[in-house]
2 protein chains.
Amino acid sequence: MAGRVTIATVAHHARVSRQTVSNVINAPQLVRPETRERVRAAIEVLGYRVSQAARQMRTGRSRLIAVRIGPAGDGINGSVLDRFLHGLTEAAAPAGYRVVLYTATGDDAEIAAYEELLGAHDLDGFVLTGTHPGDARTDWLARRGVPFVTFGRNWEAQPEPVFGGGEHSPTQHSKAQPEPAFGGGEHSPTLNREAQPEAVLGGGEHPWVDVDGAWGTRAATERLLAAGHRRVGFIGWPPGSAVGEDRREGWAAALRAAGVDLSGLERRVDDRVAEGERAAVDLLGTVDLLGTAGPSALVCASDSLALGALRAATAHGTAPGGIASPRIAVIGFDDTPVAQAVGLTSVSQPLTEAAAGCVALLIRLLDGGDHDGDLDREGEGEGDSGGRRHLLLRPRLVVRDSG
Amino acid sequence: MAGRVTIATVAHHARVSRQTVSNVINAPQLVRPETRERVRAAIEVLGYRVSQAARQMRTGRSRLIAVRIGPAGDGINGSVLDRFLHGLTEAAAPAGYRVVLYTATGDDAEIAAYEELLGAHDLDGFVLTGTHPGDARTDWLARRGVPFVTFGRNWEAQPEPVFGGGEHSPTQHSKAQPEPAFGGGEHSPTLNREAQPEAVLGGGEHPWVDVDGAWGTRAATERLLAAGHRRVGFIGWPPGSAVGEDRREGWAAALRAAGVDLSGLERRVDDRVAEGERAAVDLLGTVDLLGTAGPSALVCASDSLALGALRAATAHGTAPGGIASPRIAVIGFDDTPVAQAVGLTSVSQPLTEAAAGCVALLIRLLDGGDHDGDLDREGEGEGDSGGRRHLLLRPRLVVRDSG
DNA sequence: ATGAAAGCGCTAACAT
DNA sequence: ATGTTAGCGCTTTCAT
């Protein structure tokens with residue numbers, strides 16, 4: 001190995017100038033095909049790779065995108081984050097980007113991390129997860145003009161974001177039924193925003209990818225209704241979380257559409273198994289003034305809650321006295337390994353597609369719209385992906401024993 | 001913002017030469033304290049950050065370490081990988097290193113990824129997970145002299161690696177009982193290898209960090225023995241996996257030490273819930289020629305198997321005839337969210353420490369042993385960590401309802 | 001202890 | 001379509 005193979009080595013080997021080699025790499029159309037091939041052969045033979053450092057120095061761009069990995073249990077995590085990260089890495093690679101990780105506890109610390117990442121490493125862009133109303137991070141990034149995409153829609157900028165839970169009713173989805181990969185982006189007129197100026201609402205109008213939670217809980221609820229249940233309960237998180245409200249809304253919409261009265265059918269608790277169990281016990285024991293019994297099925301905002309509910313449901317089925325009540329159906333959300341393990345029907349987020357969407361959106365920002373083709377990776381024949389800045393994906397209901 | 005803040009800006013501001021600024025950053029001891037402070041103040045005021053690209057170009061080092069993120073379900077994954085990655089990122093940052101992700105399916109593809117990462121990005125080192133006997137990756141890296149650490153000991157090079165499961169008996173550990181952070185590295189003489197030449201066994205002698213699985217299953221088994229169980233069964237993976245044999249060994253050692261005959265007490269099946277359940281049913285129904293009943297407790301090589309066993313145990317407890325047998329205790333391995341959710345006692349790997357260990361070992365390789373202090377991060381007063389190239393960490397038994 | 005000079009490998013701008 | 005020039009920001013000699 002006699003020293004590094006540089007562009008000069010290649011140029012010499014192919015008997016062209018260094019600039020021509022550079023052109024073959026960065027602007028092949030400028031080079032005559034014949035020369036181009038000769039250069040490419042030389043690159044191949046010599047095993048040449050461009051030095052990212054040198055390129056970065058010249059262009060100011062690192063071809064690195066960053067994503068935060070929080071401590072376990074913080075926001076999107078566990079196998080969910082794992083799958084998302086894998087999707088990001090896989091989608092970024094073909095476009096020549098790499099994913100780097102960073103940690104931060106709290107928005108302020110995260111902004112400090114941005115300064116560092118941007119200042120020292122010339123990071124090209126960020127993928128943010130766990131965005132929330134009043135998020136200081138998005139403001140900061142937007143103000144600086146740093147390219148970023150969020151996984152999680154911009155709830156602030158979109159006070160009425162119920163694209164998916166709105167008009168069209170979700171059809172039943174079993175595991176066997178394939179889901180159009182990128183078709184999830186609803187074709188609502190609200191989504192065609194490319195004509196709008198860049199910075200509306202103080203930079204709030206950034207690209208995002210999200211999963212239509214309401215659609216998921218609606219599909220879950222409709223499945224239970226179709227199975228003959230009428231009083232379908234809901235166990236969700238305390239009011240205040242946008243994601244939580246979204247998931248609740250799908251359930252509510254489905255019941256309203258079926259003409260079922262919602263009152264007394266829901267509980268809002270913290271996202272823990274024990275809380276879910278308590279809420280379910282409470283709900284299942286309900287008998288109102290008219291003698292109406294509690295729910296016969298439960299839709300939950302998470303697998304944790306659903307797992308608790310499942311325990312309560314099992315206990316309920318084998319109540320004292322030995323009378324076996326008909327089984328209480330339970331459906332969870334997120335399709336975590338826990339759900340798989342215990343046979344819990346659950347709403348599964350298309351994380352790979354979400355990740356690919358984030359990368360595609362981000363790269364469009366970075367490369368200035370040339371790489372449109374990247375959005376078509378899954379080949380779902382969706383020719384007109386151009387210009388869209390938001391992607392709302394449909395989850396999938398994975399049916400198992402529990403419902 | 002009038003252009004980038006470079007070392008020249010700082011030099012000018014602090015009225016020193018550029019070189020002095022560089023020295024303040026890279027070799028502070030060379031600069032008179034008074035000058036040093038002036039320069040540091042200037043750096044602070046101007047918000048200067050070194051350009052990694054420029055530095056990298058000069059030094060050939062990127063301060064980037066790479067780790068693979070496989071598709072879900074592949075090897076170490078789910079929340080386990082998640083926690084490990086977080087630990088890596090967190091440990092690498094203070095030493096000035098960043099973690100970049102890559103994917104690859106299969107060893108060959110992974111080697112191709114190395115070429116790319118090394119050639120284009122000047123990656124400084126790798127953390128490998130899921131190593132296996134005959135691993136082509138470690139050979140490749142070792143042959144090229146690329147610094148790397150594996151999470152998972154080098155089974156090939158160490159045919160008798162039972163440091164932890166050997167002599168000393170694990171004491172009982174409850175969740176409340178804290179575990180020395182870095183004390184896990186067993187002080188067995190086998191570990192003091194710094195005197196040995198670098199490349200023994202064809203480069204097989206690379207640094208690694210691992211968790212003492214045998215210790216974990218032994219602790220689990222001893223806990224059950226202490227609770228009065230005698231016939232403690234084991235459900236493990238099919239022979240052939242080094243990790244699987246290690247975990248089995250801990251169980252076997254504990255039973256042997258207690259004078260219990262192992263025969264008829266184990267089943268080896270694929271790592272799936274259903275298989276675990278089947279195996280447990282099988283085991284629990286056993287009655288041998290002498291009329292000895294099946295096991296009264298089960299130690300499992302994974303939480304998946306344990307979950308299945310737990311189901312079988314519950315069913316066994318409420319056998320037809322209504323006679324409530326005494327409850328079958330079950331202990332799993334990995335302390336996954338599933339275990340937490342269902343109240344399964346499980347052996348928990350110290351992933352944060354493992355990650356920190358990987359980073360410390362790798363950085364020692366990279367920075368040539370100057371950064372010894374990094375190993376002491378947890379401040380456990382273990383002054384003499386220097387030179388150790390292997391870290392065998394003790395897991396922790398997290399006690400819950402199931403055992 | 002501090003300063004001056006050189007050059008890492010690349011690409012943008014400007015020739016040809 | 002191809003070649004020439006310059007310089008990105010840093011650190012490593014070497015000199016003072």
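Visitor: Which residues come nearest to DNA strand D?
Guide: In this predicted model, A:S17, B:I7, B:R18, B:Y48 and B:R58 come nearest, out of 26 residues around DNA strand D. A residue counts as near a strand if one of its heavy atoms lies within 4 Å of it.

Visitor: And how much of the DNA side is sugar and phosphate?
Guide: Sugar and phosphate give 61% of the atoms of DNA strand D that come within 4 Å of the protein.

Visitor: Which atom of B:I7 is 2.5 Å from a phosphate oxygen there?
Guide: A polar backbone atom of B:I7 is 2.5 Å from a phosphate oxygen of DNA strand D.

Visitor: What about B:Q19, base or phosphate?
Guide: Base: a polar side-chain atom of B:Q19 lies 2.9 Å from a base oxygen of DNA strand D.

Visitor: Which helices supply the surface near DNA strand D?
Guide: α2 (18-26) and α4 (52-59) of chain A, along with α2 (18-26) and α4 of chain B, each supply at least two residues. Helices here are DSSP runs (H or I, at least four residues), and strands are runs of E with at least two, numbered from the N terminus.

Visitor: Switching topic: how much area is buried between chain B and chain A?
Guide: About 3800 Å², with carbon and sulfur atoms giving 61% of it. Buried area is the accessible area (1.4 Å probe) that two parts lose on being put together, summed over both.

Visitor: Which residues of chain B lose the most area to chain A?
Guide: B:R49, B:R98 and B:L101, together 17% of what that side buries.

Visitor: How many salt bridges are there between chain B and chain A?
Guide: Four, counting a side-chain nitrogen of Lys or Arg within 4 Å of a carboxyl oxygen of Asp or Glu. One of them joins the side chains of A:R49 and B:E116 (2.7 Å, N to O).

Visitor: And how does β2(B) run against strand β2 of chain A?
Guide: Antiparallel, with three bridges joining β2 (residues 98-102) of chain A to β2(B); strands pair if DSSP finds at least two bridges between them. A:V100 has B:V100 as its bridge partner.

Conventions: Residues numbered from 1 in each chain as written. Chains lettered and ligands numbered in written order. Predicted model: local features only at pLDDT ≥ 70, side-chain atom pairs only at ≥ 80, totals over all residues. Heavy atoms only, no water. Polar contact = N/O pair within 3.5 Å; in protein donor to acceptor, adjacent residues only side chain to side chain.
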